[in-house]
Amino acid sequence: MTPGGTPGAPGVVVVTGVSRYLGAHVAARLAADPRIERVIGVDPPEPGAEFTDLLDRVERIRVDAGSIGGLLADLDVDAVVHLALVSSPDPQHGGRSAMKDQNVIGTMQLLAACQRAPRLRKLVVRSSTAAYGASFRDPAVFTEDTEPREVPRGGFGRDILDIEGYVRGFRRRRPGTTVTVLRFAPFIGSTADTTLTRYFSQPLVPTVFGRDPRLQFLHFDDALEVLHRSIVEDHSGTFNVAGPGVLALSQAIRRAGRVALPVLEPGLSGAAALARSLGFGRVGLDQVDLFVHGRVVDTGRLEREFGFTPRSTAAAFEDFIAAHRGGAVVSRDQLAVAERLVREGIRQVRAAVEERS
Amino acid sequence: MTGRDPREGASGDRRYDVPLTVPEPHARPARANGHRPAGPATRPDPAPAGPVTDEVDTAATDEPAVTDEPAVTDEPAVTDAPAVPDAAATDPPAVANGVAGRPAATGGSAVPDRPGDQWDRAVASGLAFLRRRLAGDYEVDEFGFDPQITEAVFHPLLRLLYRDWFRTEVSGLEHVPADGPGLVVGNHSGTVALDALILSAVLHDQHPAHRFLRLLGADLVFRMPVVSEIARKTGGTVACNPDAERLLAGGEVVGVFPEGFKGIGKLYSERYKLQRFGRGGFVSAALRTGTPIVPVAIVGGEETYPMLADIKPLARLLKLPYFPVTPTFPLLGPLGMVPLPSKWLIEFCPPIPTAHLVDSADDPLVVFNLADQVRETIQQTLHRLLEQRPDPFGP
């Protein structure tokens, strides 16, 4: 048993990717848990100023991925939470090749280090529902056992497949270690700033003409809860983590009070590529494919194993809308008023006609 | 969705709810615009609800010329941006109650039912529907099925087609289970898969439990824009075993046409000859979930677009399974898209139970035998129905 108290809860936890939003919040949350002795945040770059107040109880170590091996062994690490994934290429930080370096090479090096860490007994890896790809031949709802029909076009989806492949290899080589792979749906929430929240914050939201994909979101707080539970409890396996229920893209846009701007599919791919090459906009082919075919996952396994149901997709999105109400173009009140005005108008005209006749 | 009970209209969170259904007999009929006054006891509106004209009506009289155009609903922010939003922001319940609570304002004394009231209600419910669509206030299931728009838009269109254009006669509806899962297996015909759509509309309209038919469509349907969107919204999904089993496990009635493109793409000379039933994937889906199989024979589909020839090179070029030549199609251009008004007969056959065969879902012999049984049932029913209908274009 670890010198950390409760069975299952590890003593020393290493969290990668603490300079990013998710990593910083997870590390802070684990640090606040009395069952966990030490939380060590590992990241190559210096955490941004916005998260430093979150991380005051987290020991931070800056190492490059290559030398993490010695670190894990020296620190007697019990558990590793791997969150250092980049979901879209950032032109300011090396674009797609840097993204691939961090996602795939970074994971390989971390897994190699984990294999040599003698006391390690738990590994939690952040994955994504992008692992299922998106194509028109896919079943409507993915379960954890669904194999992707084709390799995703987008870089992030391909990275995720690679990462999960390496994790499977690790699981074979270290059968005693509890490995939890969490396939997260896109995050949304009142404060999270992701590609998707930026997308829905625009007044005119581009969509693909003739397609109305089914989307699922995961509230950011629920993601934290699931990550927290997978560290302090033992849940081996791969789990879909998403808000139950579905929103159609058009429905989500209307609920947010935005206006959809349908674009022909080739046009959208081209526009996304153009925006990327010009250095603004971070919409990749991953997003384009998602907005053509949509993606819905089954969360039954998560609910059974974790005993936890994330708030529904609609509720998570509602929370996001409430925080971004300011940018709405069409509000519910305006619609109700417009409806009333039209009806009153019709009534007036009819009354006038009846009086005249 | 929120409740339809108009009595609930006064409570704050349901303030936009407008009854879609025609009110009960005790409702106040006159000039109600589809709204009924909320009960006086439950009304939070501080303003007296008298027959005097109030600020809502004067606001409306000020600019009737602008607002009587239905198109205005699309752009409310543009037309009434300066005055309206702050009214809505300061006291939204009052605005909402202005809508729901003053039905008889211009009518003055209670006027008995007038011919215009029916129309009034239709307009009000239409507007309420439009507003709910624009606000995103509807539910979509995990397959993308949107029952609201299916009932309000797609089924009425199909109803015109099957009732007035094809004069469809339906029998054996009692064989479709009123609750719980069912697998409806039909013959496919007619170049365009009109029979599947008609079948789903017929089942929903005429079955006592108004069941929705969840169709399983070919890959091609989901590859095409617009078509794929409509297919999902009306309850369709890709024909694959995971989806079929998930729908059946959820207690839905699933519709499959195992002939696929071989069925709809056959020539008119082969009409009503059932094609091969593939690998019988539909049977194993039914066996795994213990779902009864209901064979259905559809007569009339073959004559809607009688396919005289298939231009294969053109089909290959367009990546379609076939390129049809009908008496009207390439010849009359878009006019050729109008289906010929054949007489349709639809018969649901007695269900074939499968609950005792759950363990044999992977036994090819059982699967093929059952598929053959379904195929034979449909084929014989087709022959019988064809004898009942000597003239394909008869009354």
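Okay, let's start in chain B: strand S2 (residues 182-186) and strand S6 (residues 293-299) pair in the parallel sense over 4 bridges. By pairing I mean that DSSP finds at least two bridges between the strands; strands are DSSP E runs of at least two residues, helices are H or I runs of at least four, both numbered from the N terminus. One of those bridges puts B:Gly186 with B:Val296 of S6(B).

Before I go on, this is a predicted model, where local features need pLDDT of at least 70, side-chain atom pairs count only at pLDDT 80 or more, and totals for chains, interfaces and linings use all residues. Residues are numbered from 1 along each chain as its sequence is written, with chains lettered from A and ligands numbered from 1 in the order in which they are written.

Back to S6(B). Another partner is strand S9 (residues 345-348) of chain B, joined to S6(B) by 4 bridges and running antiparallel. There, B:Ala297 sits opposite B:Glu347.

So is S6(B) enclosed or open? Well, 7 of its 7 residues are buried, so the strand is largely enclosed by the rest of the structure. Buried means 20 or more other C-beta atoms within 10 Å of the residue's own, exposed means 12 or fewer, and partly exposed is in between, with C-beta atoms placed from the backbone. In a regular strand, side chains alternate between the two faces of the sheet. Here both faces are covered: B:Ile293, B:Pro295, B:Ala297 and B:Val299 are on one side, and B:Val294, B:Val296 and B:Ile298 on the other.

Zooming out, chain B has 16 helices and 9 strands, and 41% of its 395 residues count as buried.

Two of those helices, H7 (residues 147-165) and H8 (residues 194-206) of chain B, pack at about 100° with their axes 9 Å apart. Axes are lines fitted to C-alpha atoms, for helices over the stretch in contact, and angles run from 0 to 180 degrees between N-to-C directions. That makes H7(B) and H8(B) roughly perpendicular, the label for 65 to 115 degrees; under 35 is roughly parallel, over 145 roughly antiparallel, and the rest oblique. Among the residues making the contact are B:Leu158 and B:Tyr162 of H7(B), plus B:Ile198 and B:Val202 of H8(B). Contact means C-beta atoms, placed from the backbone, within 7 Å.

Last, chain A: 12 helices and 13 strands, with buried residues making up 51% of its 357. Its C-alpha trace spans about 95 × 40 × 40 Å along the principal axes.

Key:
Two residues are in contact if their C-beta atoms, placed from the backbone, lie within 7 Å.
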